[in-house]
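Here's a friendly walk through this structure, helix by helix. Have it open beside you as you read.

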Amino acid sequence: MTRTLLTLILPALSLLLTACGGTAPTEVRPAPPVLDTSTMEPLVAETLGAARAAVVVDPGDAQRWSELGLALDAHFFLEEAEECLSVAIELDPTLFKAVYDHAVLGTMLEREVGEVAARFERAGELRDDYPPIFARLGDFLLVSGDAAGSLAAFERAREVSEGLDYEYDYAELGIGRALLDQGEAEAAVERLARLHERFPGDPA
């Protein structure tokens, strides 16, 4: 008898709690950053202010967060940009510009190597035909001490560029640098010699 009563009472109690506001709380997102625009050029202040206002109007719009983040990055508010792009990606993980710039910011803000590599991997999943994704990853891994990972990234950039209508020579340069870093001087010289023949006046 007691069990029967509980079976009847519990669903009713659940409905009552829901009606009284017992639902799960709405997800709270961070407010867009507030900047001191008093010393900025008027056009810059207007641009950033408009981008921020757009987010305030609709904080659930991933594109607006992305545009604010990209605008902040363009004016060197890097940490604020990273924060905004993080929100944009959380709302819509398919926004390539947000994902890619978030990865690039990771290199500039010296985030953990594994975290930055994962950001570039996500960008590569969205646009596997864009060589700079892999070249920037290669640069970052090289300065982080991972020459093998850097070489793989630059080779990937070179592979991707082969399907395009231009040669991505920066990938070839990166391969040569990564090989040198691994002590493979002969293979590096072979790679770099090709570039030297094409660009004899380039000090790189």
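**Starting from helix α5**

The buried residues of α5 pack against α3, α4, α6 (113-126) and α7 (131-143). Here, buried means under 20% relative accessible area, exposed is over 50%, and partly exposed falls in between (1.4 Å probe, protein chains only). Helices (H or I, at least four residues) and strands (E, at least two) are DSSP runs, numbered from the N terminus.

A word on the ground rules: this is a predicted model, where local features need pLDDT of at least 70, side-chain atom pairs count only at pLDDT 80 or more, and totals for chains, interfaces and linings use all residues. Residues are numbered from 1 along each chain as its sequence is written, and side-chain values use heavy atoms, with hydrogens and water left out.

Back to α5, which covers residues 96-108. Ten of its 13 residues are buried, including Phe-96, Ala-98, Tyr-100 and Leu-105. Just past the end of α5, Glu-110 takes a positive phi of about 55°.

Now hop over to α3 (residues 62-74), where you'll find Ser-66. Ser-66 is buried, at a relative accessible area of 2%. Leaving aside residues up to four places away in sequence, Ser-66 touches Leu-85, Ala-88, Leu-95 and Ala-98; contact means heavy atoms within 4.5 Å.

Finally, look at Leu-91 in α4 (residues 78-91). Leu-91 is partly exposed, with a relative accessible area of 26%. Among the residues Leu-91 touches, not counting those up to four places away in sequence, are Arg-29, Pro-59 and Trp-65. Ala-62 is another contact of Leu-91: the two sit 29 residues apart along the chain, yet their C-alpha atoms are separated by 5.4 Å.

How values were computed. Expected span 1.5 Å × (residues − 1).
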